[in-house]
Amino acid sequence: MVLEKIIGILGDYTDFDAASITEDTTFEELGLDSLDTVELMMSVEDEFGVSIDVSGDFKTVGSVVKYIEKNM
């Protein structure tokens, strides 16, 4: 459920087809720079009602999913 929602957010935020985004997909592969990542994390915070420290080591979609699941 968390993964699917994050993939949906990424699909809306980027030009990538959501079907091509997996847990192993990196933000670099999606063409996101640090500002994009901060904006994305703000959307994820709003969706899940959690606070995310953007200085964390979030390099892949899966790393965000694990963080959300741990902190919900």
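Is serine 34 buried or exposed?

Tutor: Serine 34 is exposed, because its relative accessible area is 59%; buried means under 20% relative accessible area, exposed over 50%, and partly exposed in between, with a 1.4 Å probe and protein chains only. The model is a predicted one, in which local features need pLDDT of at least 70 and side-chain atom pairs count only at pLDDT 80 or more, while totals for chains, interfaces and linings use all residues. Residues are numbered from 1 along each chain as its sequence is written, and side-chain values use heavy atoms, with hydrogens and water left out.

Serine 34 belongs to helix α2, residues 34-48 (helices, H or I with at least four residues, and strands, E with at least two, are DSSP runs numbered from the N terminus). Its C-alpha atom is separated by 19 Å from that of glutamate 23, which is 11 residues apart from serine 34 along the chain.

The whole structure has 2 salt bridges. In one of them, glutamate 47 meets lysine 5 at 3.6 Å, N to O. Glutamate 47 lies in helix α2 and lysine 5 in helix α1 (residues 2-13), so this pair ties together parts that are 42 residues apart in sequence. Glutamate 47 is partly exposed at 39% relative accessible area, and lysine 5 is partly exposed at 34%. A salt bridge also joins the side chains of aspartate 57 and lysine 59, at 3.5 Å, N to O. Here aspartate 57 is exposed at 58% and lysine 59 is exposed at 55%.

Leaving aside neighbours within four places in sequence, isoleucine 68 is in contact (heavy atoms within 4.5 Å) with Val2, Ile6, Val44, Phe48, Val50 and Ile52.

Methods:
Salt bridge = Lys/Arg side-chain N within 4 Å of Asp/Glu carboxyl O.
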